[in-house]
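Please look at the model first and then take the points in order.

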Amino acid sequence: MFVVWVGLRMAGRVLDTGESHVETRCAHFMGLPVVPLKSYLVADQESGAAVELPGLHEASVVAAYGRTYGPLLAVAGVVAMLGTSVFPLNALFVAAGLAGTAFGWRVGRLSADDRARYAVYAQHL
């Protein structure tokens with residue numbers, strides 16, 4: 001029996017201050033984000049209190065896709081390298097996957113000053 005898992009889930013957690021962060025709700029297929037729908041500022045992580053942002057938060061969407069599809073692309077490149085002789089093209093997939101993963105985890109990270117400023121914003125929501 002094959003189980004198909006579809007629905008909505010949050011992905012692309014960025015601008016994390018420890019007390020608040022931004023995430024994007026995505027329609028997913030088998031746990032992989034397919035379509036970003038709305039972005040939210042989650043002000044209180046324990047209660048899940050969130051404020052819908054106007055439009056999509058670009059860094060959150062990039063993080064959602066990069067963190068999910070980057071590793072998949074790298075693994076696919078490695079598997080293809082083991083099975084074929086078209087080495088340069090497969091190496092390109094591995095490099096693109098690793099770069100996408102690194103960029104996905106780098107985007108939306110806060111400096112110490114930004115972290116303090118966003119923490120103050122979260123207190124006034």
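1. Leu8 counts as exposed because its relative accessibility is 51%, where exposed means over 50%, buried under 20% and partly exposed in between (1.4 Å probe, protein chains only). Leu8 is placed in strand E1, and its bridge partner in E2 is Ala27.

2. Some notes on the source are needed here. This is a predicted model, in which local features need pLDDT of at least 70 and side-chain atom pairs count only at pLDDT 80 or more, while totals for chains, interfaces and linings use all residues. Residues are numbered from 1 along each chain as its sequence is written, and side-chain values use heavy atoms, with hydrogens and water left out.

3. Strands (E, at least two residues) and helices (H or I, at least four) are DSSP runs numbered from the N terminus, and two strands pair if DSSP finds at least two bridges between them. Strands E1 (residues 6-14) and E2 (residues 21-29) run antiparallel and are joined by seven bridges. Six residues lie between them in the hairpin, and Leu15 in the turn has a positive phi of about 50 degrees.

4. E2 is also joined to E3 (residues 32-44), antiparallel, by nine bridges. Cys26 stands opposite Pro36 in E3. The hairpin of E2 and E3 has two residues between the strands, and Met30 there takes a positive phi near 60 degrees.

5. Which residues make up the largest nonpolar core? The eight are Val14, Leu15, Val22, Leu41, Ala59, Ala63, Val107 and Leu110. Such a core is a set of buried Ala, Val, Leu, Ile, Met, Phe, Trp, Tyr and Cys residues joined through side-chain atoms within 4.5 Å. Leaving aside neighbours within four places in sequence, Val107 is in contact (heavy atoms within 4.5 Å) with Val14, Ala59, Val62, Ala63 and Arg67.

6. Three salt bridges are counted, each being a side-chain nitrogen of Lys or Arg within 4 Å of a carboxyl oxygen of Asp or Glu. In one of them, Glu52 pairs with Lys38, and the closest N and O atoms are 3.9 Å apart. Because Glu52 lies in strand E4 (residues 49-52) and Lys38 in strand E3, this pair ties together parts that are 14 residues apart in sequence.

7. Arg117 forms a salt bridge with Asp114, with the closest N and O atoms 2.7 Å apart. Both residues lie in helix H3 (residues 112-123), three residues apart, about one turn of the helix. Arg117 counts as partly exposed, at 38% relative accessibility.
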